[in-house]
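Here are a few notes for you to read alongside the model.

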Amino acid sequence: NHVSSICSTWGREHFKTFDGDVYQFSGACEYNLASDCHEAMQEFSVHMRREQNDGNPTVAYVVVTINDLAFHLTKEAVTVNGQTVTLPYYNSGVQVENNAVYIKLQSQVGLVVMWNGDDAVMVEVDRDYANRTCGLCGDYNGVPVYNELIYNDRIISHIEFGNNQKVHHPNDDCEDPFEEFGELEDVPAVDSCEEFKTTCNQMLHSEPWSPCAQLIDPAPYVQACAQDMCGCSNRTNDTCVCSTLSEFSRQCSHAGGMPPNWRTPEFCAKQCPYNMVYEESGSPCMDTCTHQDTSSLCEEHRMDGCFCPTGTVFDDISMRGCIDQSECQCKHGRIYNSSEGYQQDREICTCFQGRWSCEYLQGPATCAVEEGSHITTFDGKSYTFHGDCYYTLAKVESKDASSPKFTIQVQLVPCINHQFDTCLKALKILFWIPILLKIDGCIVRNYL
């Protein structure tokens, strides 16, 4: 359960702080969503801005600053310090990737930011940032309301709290949400949405959601659902409730639960590329043809998204979607099908279900005696040996009729002029017949 380290925003301007407060703030400016505010030098900051799209609020962009790197995420592109980059992007301990559902930024400073390209943004921080954050996500002090909606012993409204997180830019003419004097809650709006509570309550308290309701209190999400339906331009459209149901499903996964597959082709459907399928809770580490054991080593939290059906892996070589592992190809300069291969120098490699199986062909090897005492083995091991006798240098048994066995012996003796050195006096080669090669160059056959 890592709900307490996650802040999120979704739907019609709903927010959940690290400490669990759920509130609504309809600001249209750029706001500090979450930042490291413990010291003057911030390790990170996450800003965001919403806009209206056909009457429905959506996130226009997200800006993540980590030390001296500024990432600007939009639906169309990702820029780093003003320069457009292609994904996946890896630099200075930061990884940015785009899967079928989310743009995900992950940093070694202990920060994960995920945006679905529409209405929902999630920020997860390490527990080291407890009581160190500020912004719309709150201070992460473990105490709901305190320091967010109760500040210096004074109760403040969601609107005042949200306006305090505004990021001021020159020539930015956006206006703060209007707040009546003395107004602490947007009571009229809430009251006018009460009629939708019954529908939302029935959905989130239904039997399929019961495992999640035991982990996450549905009440704030029932309220958010009612507000979504109340503000939706087409209240007969089921999509008015999709955002909050999606968020409740995500929170259930964060809490360690298994949300139901509540979507249907007619209700809040999600489209996936290739032949992938949408799941409410799956491993974000997907097995591929080039990385077939990723899921078994995965330590990341489960999340919603597009996944390959059970028993298949994603073809990241020829991009054919989800395939059986036996159909995986290999790549080495070009693409090879399973059972195809190549030879390079003395190495023969064969592709087998996406993995290379290589065999090294044994070539000629050399054994040597140099300067009478310096010996190098066939395997390249070198050592020094001083002797005064005949020694077997190599002995090879017969492999077949065309390769008879042989033995090579050397005679090592103390050198005449250098008594502390060893000299090679003779080399004896035993084939079919004994041959003696003397130091003076004479060859003696059948000397035995």
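**Notes on the rings**

1. The count comes to 16 aromatic pairs, where rings of Phe, Tyr and Trp (its six-membered ring) pair if their centres lie within 6.5 Å; planes under 30 degrees apart count as stacked, over 60 as edge-to-face and the rest as tilted. This is a predicted model: local features need pLDDT of at least 70, side-chain atom pairs count only at pLDDT 80 or more, and totals for chains, interfaces and linings use all residues. Residues are numbered from 1 along each chain as its sequence is written, and side-chain values use heavy atoms, leaving out hydrogens and water.

2. Start with W10 and Y221: their ring centres are 5.8 Å apart and their planes at 25°, so the pair is stacked. W10 sits in strand β1 (residues 6-10) and Y221 in helix α5 (residues 219-231), 211 residues apart; helices (H or I, at least four residues) and strands (E, at least two) are DSSP runs, numbered from the N terminus.

3. F44 is buried at 1% relative accessibility, and Y129 is buried at 3%.

4. Which residues do ring pairs link into a cluster? They are W10, W209, Y221, F248, W262 and F267.

5. Finally, R334 lies over the face of Y336, 3.9 Å from the ring centre. The rule asks for NZ of Lys or CZ of Arg within 6 Å of the ring centre and within 35 degrees of the ring normal.

How values were computed. Buried < 20%, exposed > 50% of the residue type's maximum accessible area, 1.4 Å probe, protein only.
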